[in-house]
Amino acid sequence: MQTLPGAPSLVFPRCAGTGVQAGLVPALPCIGAAAHSSCGSTWTARLTDDIRFCRPVVLAVFVGMAAGVRRSARRRCLALRAVDNSVAVADRSLPSTSGVVKRRVAIEVGIFGTPFRSKLSRNLGFMIHEALMRTGVVPAGQKAILQLPEKVAIGAHARSTWVATSTLVLSASTIGADGSCKGLAAGLAHFLPEGVRLFQVVVLPEENPGEPELEFCEMCTAMEYRYYVPEAALGNDKDPGVEGRFRDELQRFVGTHCFANFSQLDRNDKLQKKLTESGKGNMWRDAFSAHVKQRAASISPGPRSGPRIPGVVRRMTTCKVRSIEVVREFFEGEGGGMLLSVRIVAEGFFDSMARLLVGSAAGVATGLVDAADLDEALLAEVVVDISEFAAPIKGLLLYTQHFDRERSSSWAPPPSTGTNEFFQEVLLPAVRKDWNNDLSLNLQARGSESVAAQLVRRGWGKADSE
């Protein structure tokens, strides 16, 4: 049920067969009886004085309008009193027994990213928050606070990702013995966009009084991203050695490094907040932004190297890449063929990090990027702008998240249901189709010809006109 435009809403939960839903009642503005009565009389008197020389018919119209205003005010007051009474009755009807419980939940979803590649697309957290609010399980007067171990890039695919919520008001009858919450899952699935596939909702363990709240993000110790790229996009059919060089270049990223040059720092909310706390931080932000913008706007950009990277940026963009593996996978059917699956397991990913690792390694393997530039970027003593070598979003897929059972023995994610089918039947065909439509990594060194044009010139690809 929608509220009136511009009117606040009074939210009160009520129990239903599939869980706790919400009734939304428009809260109408109210003016005290004495106030609106005197205001209406004064307004009528002024109108009478102003038009005392007008025709009697006009005078009657204005006097009638004044009376209508007073009647409307009375109706608003009565409506508000009725709303207040309804809220009070609803609040008293909520039992403090096992009929209604307050618990946090974890939600597992998959994402078909293609429909969300518009600049106006909303991120996963916003979509789940909106669905929770519309389902009515968020306590009145509050917002759902979400914990996402990994912020899925807008437009990327995801086979499986988990989101934890703040405390919700749930019907105890909808919680299964295994902790599943099928009633809430059905309600959320109804309000989520078609591109978001909901797999399961499970309740998190109840915290004991005095113990800190379960930090869901800390339980997730690593994530696995996969990037799928056709052999032909690397020019492997004309230069068989390019795949080997590509594999070798990717291995340089394994280990603990500062990935400041392999991420979009302007989208790192925690880092940006930290930098704005000091004058030096703000000055560095301005210098970094000026360097990147100058290279992006210039036809003949200057050197890649920019200002020195301060310690706070290095600390907040350092993580460990556990492993990088390249697997050849052949897919049958329409548009089938050989794809290289780059599997990156890391203890943290920054915005565009996986795409920049794959794209820059491909750039070195194909001769578009000097290996020395990549060494300097990974050393991270100074800013090295390689942003133009981010691989396109169409090949990126968040495969899974790893949870540490020892760190949180009280909860471990149950086996996923439907994620493999979603991966095999929806996501992989979509990736293959996107690559068939445009068989190019679209990497381009600023101030030089595109990768596609270079491949054509080297005889590795086809010209657009062919």
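Two strands count as paired if DSSP finds at least two bridges between them. Keep that in mind as we walk through this predicted model.

Let's start with strand S5 (residues 157-164), where eight of the eight residues are buried. Strand S4 (residues 105-111) runs antiparallel to S5, and five bridges join the two. Within this pairing, Val109 stands opposite Thr161 in S5. S5 also pairs with strand S14 (residues 396-403), this time in the parallel sense and over two bridges. Here Ala158 stands opposite Leu398 in S14.

The largest nonpolar core holds 97 residues, and Phe253, Phe259, Phe262 and Leu441 touch the most other members. Helix H11 (residues 353-365) supplies the largest share of this core, with nine residues. Apart from it lies another core of 12 residues, including Cys258 and Val312.

Now for the aromatic rings, which form six pairs. Two of them are set out here.

| Pair | Arrangement | Centre to centre | Angle between planes |
|---|---|---|---|
| Phe199 and Phe422 | edge-to-face | 5.8 Å | 70° |
| Phe253 and Phe262 | edge-to-face | 5.2 Å | 70° |

Phe199 lies in strand S7 (residues 196-203) and Phe422 in helix H13 (residues 419-437), so this pair links parts of the chain 223 residues apart. Phe199 counts as buried because its relative accessibility is 13%, and Phe422 counts as buried at 3%. Phe253 and Phe262 are both buried too, and together with Phe259 they form one aromatic cluster.

Finally, two charged residues sit over rings. Arg226 lies over the face of Tyr399, at 3.6 Å from the ring centre, while Lys394 lies over the face of Trp435, at 4.3 Å from the ring centre.

Definitions and conventions: Residues numbered from 1 in each chain as written. Predicted model: local features only at pLDDT ≥ 70, side-chain atom pairs only at ≥ 80, totals over all residues. Heavy atoms only, no water. Core = buried A, V, L, I, M, F, W, Y, C linked by side-chain atoms within 4.5 Å. Buried < 20%, exposed > 50% of the residue type's maximum accessible area, 1.4 Å probe, protein only. Helix = DSSP H or I, 4+ residues; strand = E, 2+ residues; numbered from the N terminus. Phe/Tyr/Trp six-rings, centres within 6.5 Å; stacked < 30°, edge-to-face > 60°. Lys NZ or Arg CZ within 6 Å of the ring centre and 35° of its normal.
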